[in-house]
Each structure stands twice: as C-alpha cells, then as structure tokens.
Amino acid sequence: QDLTGVDPTTIPMNDPKVMSIFSSTEALGVTPEQIRTPVATYGVPEMGTRFVRQMLEETQPKTFADLLQISGLSHGTGVWLGNAQELIRNGTCTIKTVIGCRDDIMLYLIYKAGMDAALAFKITESVRKGKGLTDEWIEEMKKCGVPQWYIDSCLRIEYMFPKAHAAAYVISAVRTAYFKVYYPIQFYAAYFTVRGEDVDLELLVKGYDAIYAKLDEIEAKGFNATTKEKNMVPALEMALEMTARGFRFKMLDLYKSDARKYIVDGDALIPPF
C-alpha cells in the first residue's frame with residue numbers, strides 16, 4: 001500500500017487475471033519451466049508452500065469459493081491426504097463438492113439431505129474434532145440419502161478448519177496476489193523487505209541463471225542440504241520468478257540504499273544495508 005498508493009480493502013475478489021495465478025503462470029508472463037512450478041503463488045500468504053501448490057495443481061481452483069475449500073483442506077488434519085485428494089483424483093468429487101471446511105458438513109446435511117438442524121450441528125461438531133460418527137448417525141445419514149463416500153470422508157477427518165478463518169486467509173491471499181500481478185516490482189520490494197533475511201546478495205545480482213543453478217544444487221542435495229540452504233529456498237524461488245519476469249537486483253548503494261527497506265529503482269531493486 002505504501003509503495004503503490006492502492007488501498008487493499010478496495011481490491012476486487014474476482015479479478016480474472018488475479019484468480020488465474022492459482023491455477024497457471026500465464027498472468028505473470030512466464031512458463032512453469034522457468035519458475036519451476038505450474039502455479040504462480042510464490043509469496044502469496046498460505047498459498048505458496050510446496051504442499052499447497054501441489055493442491056492447487058491437482059484441484060485447479062477458479063473462484064473465491066474454490067480457494068476457501070483449498071484453505072480449509074490445507075489447514076485441516078485428515079482432510080486432504082488420503083481423503084479429499086483421493087476423491088478428486090478418482091473423479092468421485094470436484095473441489096466444489098468435497099468437504100473443505102467444518103461449516104460445509106452442517107449446511108450440506110441441512111440443505112441437501114434435509115436433516116434436522118440440531119442433529120446436523122451435533123454431527124458437524126463431532127466430525128470436526130475427529131470423534132467420527134455413531135452408528136445411529138450413519139443410519140440417519142443414509143436415510144437422508146447421504147452418499148457412502150461422504151460418510152467415509154467424515155470418518156477420516158481428524159480436525160476441520162472453520163470457514164470464517166478460511167475466508168480471512170483467502171481475502172489476504174487474493175489482495176496480495178493482486179499486487180503481484182499488477183504491481184510486480186513493488187510486490188517484490190515488499191516481499192524481500194519483510195521476508196528477505198536469508199538471501200545471498202551476490203548471487204541475486206548475478207541474475208536468473210545463477211539463481212536457477214543454486215536452486216538446482218540445493219534440490220540435488222535433498223536431505224543433505226543444510227538448514228541454511230533449505231531456509232534460502234523460498235527467497236530464491238521468489239528471486240527466480242522476479243528475474244524471469246524481467247526485473248533485477250542491484251548491489252548495495254552507499255547513496256541510495258535504505259537501512260531496512262528494499263527500494264524500487266526502475267525495473268530493479270536496491271537492497272537495504
């Protein structure tokens with residue numbers, strides 16, 4: 001906001017270009033090969049980790065509601081791995097129909113299955129805490145026409161995320177993504193100012209090829225990579241994407257560098273002391 005003058009609360013939640021970065025890299029003008037990932041969510045809060053990027057790749061979210069599901073699935077326990085992931089892979093469900101947040105269960109049971117609201121709430125509370133279903137409830141669910149996969153899914157859940165939390169996270173993610181798409185150099189300046197403690201400046205100044213080679217080298221080491229090297233990866237991935245988009249890093253400048261903030265200088269960033 002400080003760098004661009006754009007008030008985050010005015011950012012729309014349905015900009016097609018911004019939404020596209022959760023399922024492709026096209027909006028950034030780079031290929032998946034260039035930035036080593038098929039989705040363009042590096043640095044987007046809650047959406048940039050390898051685990052969530054894998055989910056985005058498999059589910060191809062297109063709308064705000066889809067992203068709510070992703071947020072629910074990534075913060076729950078026993079919800080994605082061995083559960084929703086399998087259901088989506090084998091075509092039983094889509095991202096829209098799997099159980100993503102705890103509220104989904106109650107609303108589904110009341111509106112789709114016509115179940116008594118008090119019972120629907122009771123079932124939801126039990127499932128979200130990982131306490132499963134009683135035999136009576138399973139009978140009742142079957143009577144209401146709830147499919148077997150839905151019941152099985154409820155039995156596997158250990159912890160479910162509330163939709164209101166998911167909404168707060170996704171709003172923050174979409175706002176950040178908007179800056180990433182429309183104000184790229186300011187976005188990278190803010191990212192490195194806040195997150196850039198593990199960077200090797202000399203490497204970044206060398207540009208795209210050097211950064212790519214370093215990421216390859218760390219990946220090749222696998223479990224033998226040092227903690228310092230592993231910690232460098234998110235910032236290196238970000239720098240790789242930034243340089244792939246045609247921006248660059250300059251060296252420290254005695255006359256221009258700030259104490260703590262990265263400064264935007266045309267299409268380049270000047271690092272702080």
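Trainee: Where is Ala27 found?
Mentor: Ala27 sits in the loop between α1 (16-20) and α2 (32-35). Keep in mind that this is a predicted model.

Trainee: Is Ala27 buried or exposed?
Mentor: Buried. Its relative accessible area is 17%, and buried means under 20%.

Trainee: What does Ala27 touch, leaving out residues up to four places away in sequence?
Mentor: Lys17, Ser20 and Ile21.

Trainee: And how far apart in space are Ala27 and Ile70?
Mentor: They are 20 Å apart, C-alpha to C-alpha. Along the sequence, 43 residues separate Ala27 from Ile70.

Trainee: Okay, next one. Which helix holds Ser71?
Mentor: Helix α4, which covers residues 64-75.

Trainee: Why does Ser71 count as buried?
Mentor: Because its relative accessible area is 2%, and the cut-off for buried is under 20%.

Trainee: Which residues does Ser71 touch, again skipping those up to four places away?
Mentor: Phe161, Ala166, Tyr169 and Val170. Of these, Ala166, Tyr169 and Val170 have numbers that fall in α10 (163-182).

Trainee: Let's do backbone angles. What is the phi of Arg36?
Mentor: About 65°, so a positive phi, although Arg36 is not a glycine. Arg36 is placed in the loop between α2 and α3.

Trainee: And what about the phi of Glu46?
Mentor: Positive as well, at about 70°, and Glu46 is not a glycine either. Glu46 also has its place in the loop between α2 and α3.

Trainee: How accessible is each? Start with Arg36.
Mentor: Arg36 is partly exposed, with a relative accessible area of 21%. Glu46 is partly exposed too, at 35%.

Trainee: Why is Glu136 called exposed?
Mentor: Because its relative accessibility is 65%, and exposed means over 50%.

Trainee: How far is Glu136 from Ile151?
Mentor: Their C-alpha atoms are separated by 12 Å. The two residues are 15 apart along the chain.

Trainee: Which helices each supply at least two lining residues?
Mentor: Among them are α3 (50-59), α10 (163-182), α11 (184-195) and α14 (227-244).

Trainee: Let's zoom out. How many helices and strands are there?
Mentor: The protein has 14 helices and 3 strands. Its C-alpha trace spans about 75 × 45 × 30 Å along the principal axes.

Trainee: What share of the residues counts as buried?
Mentor: 47% of the 273 residues.

Trainee: And the surface?
Mentor: The accessible surface comes to about 13600 Å². Carbon and sulfur atoms account for 53% of that.

Trainee: How many charged side chains are there, positive and negative?
Mentor: There are 31 positive and 35 negative ones. The centres of the two sets lie 2 Å apart.

Trainee: Last one. What part of the contacts comes from residues 24 or more positions apart?
Mentor: Those pairs account for 60% of the contacts with a separation of 6 or more.

Key:
Residues numbered from 1 in each chain as written. Predicted model: local features only at pLDDT ≥ 70, side-chain atom pairs only at ≥ 80, totals over all residues. Heavy atoms only, no water. Helix = DSSP H or I, 4+ residues; strand = E, 2+ residues; numbered from the N terminus. Buried < 20%, exposed > 50% of the residue type's maximum accessible area, 1.4 Å probe, protein only. Contact = heavy atoms within 4.5 Å. Areas by Shrake-Rupley, 256 points an atom, 1.4 Å probe, with all protein chains shown as cover. Lys, Arg positive; Asp, Glu negative; His and termini not counted. Charge placed at Lys NZ, Arg CZ, Asp CG, Glu CD.
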